[in-house]
Amino acid sequence: MANVKTQKVVKTTLDTLEFGEIDAEKEGKYKKYPLPEGVHKEMMRADVLTIAMPSLVELVLTSLTSMVDQIMVGRLPGQLGVQALSAVGLCMNPKMILMTALMAINTGTTAVIARFRGMGNQEKANQTFRQSLLFNFMLSFVMMTLGVIFSRQLIGLIAGNGISRETVDYAVVYFKIQMYGFIPLMLTNAVTSTLRAIGDSKMPLFYNTVANVVNVFFNYCLIYGKFGMPFMGVAGASLATVIGQLVAFVIAFTIMLKKGRYVYLDFKEKFEFSKTIMSNVIGIGLPAMLEQICLRIGIIIYSRIVASLGDVAYATHQICMNIQSMTFMTGMAFANSATTLMGQSLGKRRLDMADNYTRMTRGMSFALSCVIGVGLALFGGKIVGIYNSTPEIIEIGGRLLLTVAFVQPFQSSQFVTAGALRGAGDTKFTATVIFVSTLIVRSAIGYLFVIVFNWGLIGAWFAIVVDQLLKTSMIFYRYQQGKWRFLKLAK
């Protein structure tokens with residue numbers, strides 16, 4: 001990269017410290033690191049919040065938009081509302097399957113760019129960003145094509161024999177429209193991963209907020225046929241989402257074309273491959289991809305078990321899953337902070353800062369998740385009622401949310417600790433955790449409770465509780481082993 005200048009970057013306490021001299025290989029068994037001299041908890045807390053809060057607001061707004069999607073389609077008249085809810089839910093896992101490889105590239109991108117940011121190597125950070133864009137474009141084109149061609153088969157993986165033909169037809173229409181917006185979605189995600197790696201979570205908040213507002217507006221217009229636009233129902237909800245994604249794409253790339261940023265896009269620079277950079281990205285991203293594959297296969301098996309209970313049960317399940325995904329936002333936002341700060345700390349060879357950032361972030365997320373759990377326990381039924389007014393859905397859904405309330409503290413701690421491990425490049429173990437917990441344990445217990453014991457949806461959600469508790473214990477054990485200290489990038 002020609003003539004790289006020092007440019008605007010998000011500052012943290014790390015920028016005030018010298019490069020570390022700690023040699024992890026001589027440190028022996030992991031122990032809790034003391035704070036460096038002159039560094040106070042208030043300083044570290046501010047660093048965590050600087051990254052986590054914009055990310056949290058962004059994720060919550062995005063999740064709220066998804067919630068609005070489901071509320072709007074769920075309030076279509078009569079049985080159509082129940083079928084629409086199920087249809088939207090059926091599309092989630094096939095879409096995530098196609099996103100798996102790209103999510104892996106972006107996971108590797110975040111970890112590698114965060115390391116280069118910690119090292120102060122701006123040129124390598126920009127090279128990594130360009131290569132990430134190139135990979136995202138090529139892979140997203142392939143996945144979009146596969147999604148359009150095999151849309152019915154992918155939906156059928158989830159639906160099984162328990163979902164009505166009409167619901168499946170709605171889902172196929174929704175899914176195909178989503179696929180046409182796949183390329184801009186994944187390129188925007190590549191930008192977001194890069195910005196978070198350098199500690200900038202405000203710009204993703206900006207363009208995703210604008211996109212969400214656009215999404216909700218077109219939801220209202222296209223689902224119900226308002227302001228002279230056609231009544232499209234489920235298809236309208238999907239098209240509104242794609243329009244919002246296109247808006248985010250345009251804004252994100254407009255931002256990255258500005259050369260006043262630490263990482264930016266210059267089309268005069270060559271989009272050539274660097275074997276070293278890609279080996280780092282793929283070395284971290286490949287286990288992350290296997291993790292996502294295991295996760296999606298496990299969820300597909302689990303979803304087919306739930307789908308066997310019929311449209312109403314699946315609609316109830318989908319509502320509660322959507323609400324649970326809202327609760328993920330706290331853990332995910334703080335996990336983004338943990339990933340970024342871990343990567344930057346290791347780039348500066350500050351194991352003490354890496355450890356203290358992780359423990360600080362986990363504690364803050366834990367406290368907030370407890371508040372969310374109390375709210376779900378007290379108002380679960382009322383929240384479910386916002387989606388659909390069917391008494392059976394409200395009654396069962398309220399009971400299911402008690403399980404969501406219970407797992408909140410464990411869930412958030414797991415997300416943050418796993419985020420720190422990913423920031424260190426330890427993605428192989430997290431893939432193993434998903435394989436054991438979600439693919440094997442959740443599927444097996446779900447089958448046992450739902451099919452063998454005939455406990456219905458309650459049994460299915462007990463399986464989720466076991467899954468979350470197992471993940472938390474395995475991830476925490478891995479961190480305490482301290483192997484994250486030994487992981488290095490290729491030269």
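Which orientation do α4 and α5 have to each other?

Analyst: Bear in mind that this is a predicted model, where local features need pLDDT of at least 70 and side-chain atom pairs count only at pLDDT 80 or more, while totals for chains, interfaces and linings use all residues. Residues are numbered from 1 along each chain as its sequence is written, and side-chain values use heavy atoms, with hydrogens and water left out.

On to your pair. Helix α4 covers residues 151–159 and helix α5 covers residues 165–180 (helices are DSSP runs of H or I with at least four residues, numbered from the N terminus). Their axes come within 9 Å and cross at roughly 130 degrees (axes are lines fitted to C-alpha atoms over the stretch in contact, with angles from 0 to 180 degrees between N-to-C directions). So α4 and α5 are oblique to each other (under 35 degrees is roughly parallel, over 145 roughly antiparallel, 65 to 115 roughly perpendicular, and the rest oblique).

Who does the touching? On the α4 side, Ser151, Arg152, Leu154, Ile155 and Ala159 make the contact (heavy atoms within 4.5 Å). From α5 come Arg165, Val168, Asp169, Ala171, Val172, Phe175 and Lys176. Sorted by class, that contact has seven nonpolar, one polar and four charged residues (Ala, Val, Leu, Ile, Met, Phe, Trp, Tyr, Cys and Pro are nonpolar; Asp, Glu, Lys and Arg charged; the others, Gly among them, polar).

For another helix pair, look at α1 and α10: their axes come within 8 Å and cross at roughly 160 degrees. That makes α1 roughly antiparallel to α10. This crossing is right-handed as well, and the contact has 15 nonpolar, eleven polar and one charged residues.

Two residues give you a way into that second pair. Leu59 sits in α1, which runs over residues 41–74, and it counts as buried because its relative accessibility is 11% (buried is under 20% relative accessible area, exposed over 50%, partly exposed in between, with a 1.4 Å probe and protein chains only). Skipping neighbours within four places in sequence, Leu59 is in contact with Arg196, Met329, Met332, Ala333 and Asn336. Met329 is part of α10, residues 311–347, and is buried too, at 9%. With residues up to four places away set aside, Met329 touches Leu56, Leu59, Val60 and Ser63. For a sense of distance, Met329 and Ile277 are 52 residues apart in sequence, with 30 Å between their C-alpha atoms. Leu59 and Ala367 are 308 residues apart in sequence, yet 18 Å apart C-alpha to C-alpha.

Asn136 is buried, since its relative accessible area is 0%, and Gln131 is buried at 3%. Beyond sequence neighbours within four places, Asn136 contacts Leu102, Ile105, Asn106, Met186, Leu187 and Ala190. With the same exclusion, Gln131 contacts Glu272, Phe273, Ser274, Ile277 and Met278.

Terms used:
Helix = DSSP H or I, 4+ residues; strand = E, 2+ residues; numbered from the N terminus. Left-handed = near helix turned anticlockwise from the far one by under 90°.
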